[in-house]
Structures are given as structure tokens and as C-alpha cells.
Amino acid sequence: MAALQATPLKTLAFSRRRAGGAALRPRQMASFRCSAAARSYNITLLPGDGIGPEVVAVAKDVLSLAGAIEGVELRFQEKLMGGSALDATGVPLPDETLAAARDSDAVLLGAIGGYKWDNNEKNLKPETGLLQLRAGLRVFANLRPAAVLPQLVDASTLKKEVAEGVDIMVVRELTGGIYFGKPRGFGTNDNGEETGFNTEVYSASEIDRIARVAFEVARKRRGKLCSVDKANVLEASMLWRRRVTALASEFPDIELSHMYVDNAAMQLVRNPKQFDTIVTNNIFGDILSDEASMITGSIGMLPSASVCESGPSLFEPIHGSAPDIAGQDKANPLATILSAAMLLRYGLGEENAAKRIEAAVTETLNQGFRTGDIYSPGTTLVGCKRMGEEVLKTVESQKAVAAIN
């Protein structure tokens, strides 16, 4: 998965934490990993709802095997989150879950939500638990790669000549903007009508922080960064554009451009290859990253990483909980497996184990195995468990290579 390996998260200023230890900066990791004790990690698994438990179970097995080949011991603990936590504890993110996540080396999340909880009060919705988790871990940068793999180019809804070769990274600000801004709530206007209101607000430091991440990402990719805003209408976007433009002088090797969000949404469909790295705010990033993902043919193929300046980072597939197919062995586990690879590389610094997983996914696709969302005539239709088994077989076959090396 060369396009995914190119993601430069390991160069960014975030750190990870050993169980019971202090946060470690990336520069400290290389020497620290030389000791055997440094190759044992605590991973918190949050299977969540819907298809989450199915795909996380598969990813856990792949993680364990790839790590074992590289001499890495992974210790797992599962905790409740989302709708499953609501049913068991009455809240979407129990204190015990957040404490375990904070004390781990990395967190792998499956999916949360479902029809069952759609009518809950806002504070009792599964999605509120996800926002609380992100805030609790202080993750602020969400990186979502969207690369069209040669094996799946025909699965894209776009014409082959439009989709072929697309390789985009969306860098989304994750903890600010309209999802968190205050004031927010409900009220009554002068006519006595009920109103609902939210606030889109960003500080200069929040913009600078995410912009620096995006510039660094672009520097390790193809050197192009497009900042997406709505600066012709929104004051928050006007500030966003000013701050990003000012920071560009620190990155003279990066070609910076700006685009309004409505145009960006159109251009992603019309000519997606024009984009390399996109940086944008929380709500625009939420929408555009999902749009970009569908260019690849299936949202079930795409991983993501949410990183912070210190402490464990959060890794998850970008797809939802898909309650309509939950428990039917129809889910595509590859996005979660690839999220596990990102966890190894960027959460733990275990590059070789990450490469093994990515190579196994590529080989499994080369062999023609497909879940229903990426199936096409001439390929072999398999379920979630079988797809995981095929990936495991490919990782297993790498043992001989590891022994030789």
C-alpha cells in the first residue's frame, strides 16, 4: 500500500506513551526501541457498535500476528464505547474507558452508532462519546488518506480516467469549529419561533497548529497544499485564510493554494488528481473526506489517524457502524486492518510490522478476494471473517522471509 506508507505522520510533533511512563518524542523513540522492554505495548480496543466488533476482531488477529513476526508483544484490553456503553452503563463514554485509553500506547476504534439510539438526547447519543473521546485524548489532527488502488479502480463511481492515480490526504482540524464552539443551543426568536444555533469559532493558535501539520504532510508528499475555507462569507474562514497564508513563508518549498469549500466539493468529483494535500476545518473536513473516500470505490477501504501533541493517538476506519449488515459477516474489515497498520507505524513506531500488514492487504486484493462493497465480476466474493483469514494467511507466509532476514 505505497500510497498509505507515504503518509508522514511519523515526522510530526506528536508523542506516544509507554504504560506507566512519560510521553516520548519521535526523536527519542529510535534509541528507546533498542531495548527489549520497549517492544511491548498496551493497546485499547473499542469495538463499539454495529459492524465494529466484527472488524476489530479481525484487525486484532492481524495486529497480533504481524507484531509477533517482528518480535513485538501487543497486550490488548477491550472497553465499551458508544451505543454498547449506553446500554450497559447509561453513558456513551464511561470514565473507565477514557482512563484506559489515556493510559495505553494507542487506541483502535471500530465504529459507533445505530438506529437504536438515534432519538436519544444529544448527551446520550453514541456520537457524543466519540467527541468526548477525541477531546479526552486531545487529538486535534485527523489524517484521512484517499488513494485509488490499481486493483480497485473499476470500483470507483467515477470514470476510470478520472479516478486512476488519485492520491489525496485530507488533514482535518478535529477539536474546534462549529462542533465545539459556544454559544450553542436552542432559543426563541422575536417572532416566538423556536431556533437552534451553533458557533463556528477558531483561535489563531488552533489554526496555526493544524496548518503546520498540513504543511509537514505536504512536504513529505508531493509538495502541494490546498487550504479549503469559505472566506468570502465566514469571518472564521477569513481568519483561517490569513493565518494559513502567513505560515506559508515558513514552508517556501510548499505550493499553497486556497479554495472555497463549495468549489472544492465540485473539483473533487470533476478533477480529483489536482489535489495532493487538503487542510480544512472540522465540519468541511468531515464532509470532504467522506466525499474523497468514495472516489476510491468504497468507504470500507480507508483508514484514519487522529493524533495529538502528547499521549496515545486514535486509529479508526472512516466508515460507520452499518447496522443494516451488522452480524451478517458482510462487513469489509480492510479499512480497520489498514488502521491497525497506521497504529503500528505512527502510534508505536513499528514500521516493519506496518509494512507487513499493508503488503498482505495488497496481496490479498491481488489474489482477487473481495467483500460485497468492492466486488466485481471475476473476483471472489468473501465475508468479513474470510477476508481476515486471507490476510492472515498472507502475513503468515511472511514468517519464512522474516526468519531468513
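The axes of helices α3 and α13 come within 9 Å of each other and cross at roughly 130°. That angle makes α3 oblique to α13, where angles under 35 degrees count as roughly parallel, over 145 as roughly antiparallel, 65 to 115 as roughly perpendicular and the rest as oblique. Axes here are lines fitted to C-alpha atoms, for helices over the stretch in contact, with angles running from 0 to 180 degrees between N-to-C directions. Helices (H or I, at least four residues) and strands (E, at least two) are DSSP runs, numbered from the N terminus.

This is a predicted model, in which local features need pLDDT of at least 70 and side-chain atom pairs count only at pLDDT 80 or more, while totals for chains, interfaces and linings use all residues. Residues are numbered from 1 along each chain as its sequence is written, and side-chain values use heavy atoms, with hydrogens and water left out.

Back to the helix pair: α3 passes α13 in a right-handed crossing. A crossing is left-handed if the near helix is turned anticlockwise from the far one by less than a right angle, and right-handed if clockwise. On the α3 side, V62, L63, A66 and I69 make the contact, and they meet A353, R356 and I357 of α13; contact means heavy atoms within 4.5 Å. Sorted by class, this contact has six nonpolar residues, no polar ones and one charged. For these classes, Ala, Val, Leu, Ile, Met, Phe, Trp, Tyr, Cys and Pro count as nonpolar, Asp, Glu, Lys and Arg as charged, and the others, Gly among them, as polar.

Helix α3 (residues 52–69) also pairs up with α14, their axes coming within 10 Å and crossing at roughly 5°. The two helices are therefore roughly parallel to each other. From α3, the residues E54, V55, V58, D61, V62, L65, A66 and I69 meet C384, G388, V391, L392, V395 and E396 in α14. That set splits into ten nonpolar, one polar and three charged residues.

Helices α13 (residues 351–366) and α14 (residues 384–397) meet as well, with axes that come within 8 Å and cross at roughly 120°. This pair is therefore oblique, and α13 passes α14 in a right-handed crossing. R356, A360, E363 and T364 of α13 make the contact with M387, E390, V391, T394 and V395 of α14.

Zooming out, the protein chain has 15 helices and 16 strands. Of its 405 residues, 53% are buried, a label for under 20% relative accessible area, with exposed meaning over 50% and partly exposed in between (1.4 Å probe, protein chains only). Among contacts with a separation of 6 or more, 74% involve residues 24 or more positions apart. The chain exposes about 16900 Å², and carbon and sulfur atoms supply 52% of that area. Accessible areas come from the Shrake-Rupley method with a 1.4 Å probe, and for residues only the protein chains shown count as cover.

A few single residues deserve a look. R134 sits in helix α6 (residues 126–137) and counts as buried, at 6% relative accessibility. Leaving out residues up to four places away in sequence, R134 touches V139, R172, L174, T175, L314 and E316. R138 lies in the loop between α6 and β6 (141–147). With a relative accessible area of 67%, R138 is exposed, and its phi is near 60°, a positive value in a residue other than glycine.

D329 is also not a glycine, yet has a positive phi of about 60°. D329 is found in the loop between β14 (314–317) and α12 (334–347) and is partly exposed, with a relative accessible area of 29%. Another backbone feature is the cis peptide bond from K182 to P183, with omega near 10°; P183 belongs to the loop between β7 (167–173) and β8 (185–188).

I287, in helix α11 (residues 282–295), counts as exposed at 52% relative accessibility. Its C-alpha atom is separated by 9.8 Å from that of V261, 26 residues apart along the chain. T380, in strand β16 (residues 380–381), is partly exposed, with a relative accessible area of 36%. T380 and G368 are twelve residues apart in sequence, with 5.8 Å between their C-alpha atoms. Not counting residues up to four places away in sequence, T380 touches G368, F369 and R370.
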